[in-house]
Amino acid sequence: MNSIMQNLLKLQALDFGEAKAKNAEAQSAELRGQIPEPIIGHYERLRVRGKKGVAVVRNQVCTGCHMHVPIGQITVLMREEDVQLCENCGRYLYLPDPAEAEFLNKVEATKPVAKTPAKPRKRRALAHAA
Ligand SMILES: [Zn+2]
């Protein structure tokens, strides 16, 4: 379930020009193909009115309308059992998993890339085989 919301969030970023991509149209078409029809339908109805269909949940609060999200809905989201709509603003709720939330925080503070491990010693292995 969470992967659907991830795709929807990516699509929304493309549709609202928040994510810049060279082939935004192709990407958006591909994402639309991966999202179940009833979900994309609801998303599109909101989008044509200039509304975003997906809101990230942060600290148990819907970032779309800043209303508290009931713990029951959070639990369903955590278990990835079903999609949930915000009771207040009607957006799909997306709960980033802890690893991803951490990753998103780290993105801003870019660290140097770790060096790759030592290369396999192909030459020696070949010599040994001969
Ligand atoms: Zn909301």
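Me: Which residues is R91 in contact with, leaving aside its neighbours within four places in sequence?
Reply: Contact means heavy atoms within 4.5 Å. By that rule R91 is in contact with K52, G53, V54, A55, G64, C65, Q84, L85 and C86. This is a predicted model, where local features need pLDDT of at least 70, side-chain atom pairs count only at pLDDT 80 or more, and totals for chains, interfaces and linings use all residues. Residues are numbered from 1 along each chain as its sequence is written, and side-chain values use heavy atoms, with hydrogens and water left out.

Me: Where is R91, and is R91 buried or exposed?
Reply: Buried means under 20% relative accessible area, exposed over 50%, and partly exposed in between (1.4 Å probe, protein chains only). R91 sits in the loop between helix 4 and strand 3. R91 is buried.

Me: Which side chain of opposite charge is nearest to R91?
Reply: Lys and Arg count as positive, Asp and Glu as negative; His and the chain ends are not counted. A salt bridge needs a side-chain nitrogen of Lys or Arg within 4 Å of a carboxyl oxygen of Asp or Glu. For R91 the nearest is E18, 9.9 Å away, and R91 has no salt bridge. Its side chain does reach the backbone oxygen of K52, at 2.9 Å.

Me: What does E18 form a salt bridge with?
Reply: The partner is K52, with the closest N and O atoms 2.3 Å apart. This pair links distant parts of the chain, 34 residues apart. E18 is partly exposed, at 49% relative accessible area. K52 is partly exposed too, at 28%.

Me: How many salt bridges does the count come to?
Reply: Six. Among them, R32 pairs with E44, the closest N and O atoms being 2.7 Å apart. R32 lies in helix 2 and E44 in helix 3, so the pair ties together parts twelve residues apart in sequence.

Me: Which atoms coordinate the zinc ion?
Reply: Donors are N, O and S atoms within 2.8 Å of the metal (3.2 Å for Na, K and Ca); water is not among the atoms, so sites may look incomplete. Here the donors are the SG atoms of C62, C65, C86 and C89, at 2.2 to 2.4 Å. Along the chain their spacing is C-x2-C-x20-C-x2-C.

Me: Why is the arrangement around the zinc ion tetrahedral?
Reply: Four donors count as tetrahedral if all angles lie between 85 and 135 degrees. The angles around the zinc ion are 106 to 115 degrees, which makes the arrangement tetrahedral. The ideal for four tetrahedral donors is 109.5 degrees.

Methods. Four donors count as tetrahedral if all angles lie between 85 and 135 degrees; four count as square planar and six as octahedral if opposite donors are over 155 degrees apart and all others between 65 and 115; anything else is irregular. Helices (H or I, at least four residues) and strands (E, at least two) are DSSP runs, numbered from the N terminus. A polar contact is a pair of N or O atoms within 3.5 Å; within protein, one must be able to donate a hydrogen and the other to accept it, and residues adjacent in sequence count only if both atoms are side-chain atoms.
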